[in-house]
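Keep the viewer open as you read.

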Amino acid sequence: MQRLQAYRFELQPNGKQQRQMRRFAGSCRFVYNKALALQQERHKAGEKNLGYAALCKALTEWKAQPQTLWLSETPSQTLQQALKNLERAYKNFFEKRADFPRFKKKGMGDSFRYPQGVKLDQGNSRVFLPKLGWLRYRNSRGVLGEVKNATVSHSCGKWFVSIQTEREVDQPLPQGEAVGIDMGIARFATLSDGSYLDPLNSFKKHQQRLARYQRAMSRKVKFSNNWKKAKTNVQRIHTRIANARKDFLHKASCQISQNHAMIAIEDLRIRNMSKSARGNSEQHGKMVKQKSGLNRSILDQGWFEFRRQLEYKSAWNGGFVVAVPPQYTSQTCPCCGHVSKDNRQTQARFECVDCGFEENADLVGAINILARGHRVLACGETVQSGRSVKQEPAEATQAIAA
Ligand SMILES: [Zn+2]
């Protein structure tokens with residue numbers, strides 16, 4: 001089977017390369033925003049959205065215009081990739097996976113992508129990127145496979161390259177048995193075999209310090225030197241939180257996917273759950289405070305990212321993930337099948353009002369999820385989320401808008 005894998009390294013560019021990379025990222029942002037504005041204009045005029053090919057044609061015209069002549073200093077292929085990104089953003093919006101595409105701001109996810117032309121010289125810890133030449137990078141691990149494309153990104157004052165490779169690997173034999181996982185707040189994940197993972201509240205731990213730095217930043221004069229210093233502190237904490245979380249999720253998903261042939265999880269619509277609890281102007285939200293607390297916990301623990309990792313890592317290990325409908329998994333008795341709210345007297349304890357079966361509530365959830373996973377398979381039902389599984393580490397850094 002074909003295995004795609006991404007490797008992320010910190011780049012060590014020289015001054016000229018840094019200036020060029022800033023320009024490339026800026027040009028890509030410009031093209032993205034200009035194309036988005038064009039699409040919005042057309043929409044207002046009642047015209048159809050332009051496809052990728054038509055946008056590329058528009059790009060060629062922009063490059064020939066005297067006021068945007070500087071666009072031709074950036075590799076065409078990276079500019080075209082910016083248009084590809086916009087196309088994907090629209091697609092995600094139409095398929096209800098994301099909000100409407102927004103204009104990009106400087107300093108928020110500055111990046112550009114090379115679809116080809118990337119060369120890797122691991123022996124000398126350097127990578128060749130078109131129009132930038134050879135760049136040194138912090139060679140922290142070996143890269144396997146054929147280099148397909150590379151994305152360069154800027155975060156917290158550093159430049160990173162994410163190199164995606166492809167290689168042929170033997171179809172691995174699945175290891176272990178089937179398992180159900182219940183995701184929770186008190187326990188991050190409870191497995192149907194009785195084991196569980198504690199939550200990582202990295203965000204909570206750092207929250208107070210983050211709030212202090214944010215307050216300090218708000219007191220400074222915007223764009224002053226002290227403001228910039230305060231902003232760096234805020235960004236550093238965000239990065240630290242993101243890294244701790246990434247590390248935790250990777251370890252957890254590795255361990256579970258390596259030891260289980262089938263993993264059943266709840267098909268939680270995390271995007272809906274983490275939507276603003278505040279409601280909108282017409283409809284005031286209910287339980288705003290409770291919900292925002294829960295939402296923060298969910299996001300804090302990265303359930304969505306965890307599931308994504310489980311999906312691709314299981315595939316790497318020959319196993320698979322099955323998502324099951326989440327209704328009543330916490331209220332159904334695994335012993336007699338009785339479904340009742342009363343089975344859950346407290347958040348932590350399950351006690352069946354019919355047969356008296358008693359167990360930890362999260363474990364009951366996991367057992368029910370596993371049973372449901374078997375049923376979904378047996379009936380040939382598919383509960384697919386419809387997302388394609390991206391086999392690469394998502395950029396876990398948060399940038400703050402200036
Ligand atoms: Zn029962």
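The protein has nine helices and 14 strands, taken as DSSP runs numbered from the N terminus (H or I, at least four residues, for helices; E, at least two, for strands). This is a predicted model, in which local features need pLDDT of at least 70 and side-chain atom pairs count only at pLDDT 80 or more, while totals for chains, interfaces and linings use all residues. Residues are numbered from 1 along each chain as its sequence is written.

Of the 402 residues, 27% count as buried, meaning that 20 or more other C-beta atoms, placed from the backbone, lie within 10 Å of a residue's own.

Now turn to helix H1 (residues 15–44). With 30 residues at 1.5 Å a residue, H1 should span 44 Å, and its end C-alpha atoms are 43 Å apart, which agrees; the expected span is 1.5 Å times one less than the number of residues. Just after H1, Gly 46 takes a positive phi of about 80°.

Which helix does H1 cross at roughly 40°? That partner is helix H3 (residues 76–94), and the two axes, lines fitted to C-alpha atoms over the stretch in contact, come within 9 Å. The angle makes H1 oblique to H3, because angles under 35 degrees count as roughly parallel, over 145 as roughly antiparallel, 65 to 115 as roughly perpendicular and the rest as oblique.

How values were computed:
Axes fitted to C-alpha atoms, helices over the stretch in contact; angles between N-to-C directions. Buried ≥ 20, exposed ≤ 12 C-beta atoms within 10 Å, placed from the backbone.
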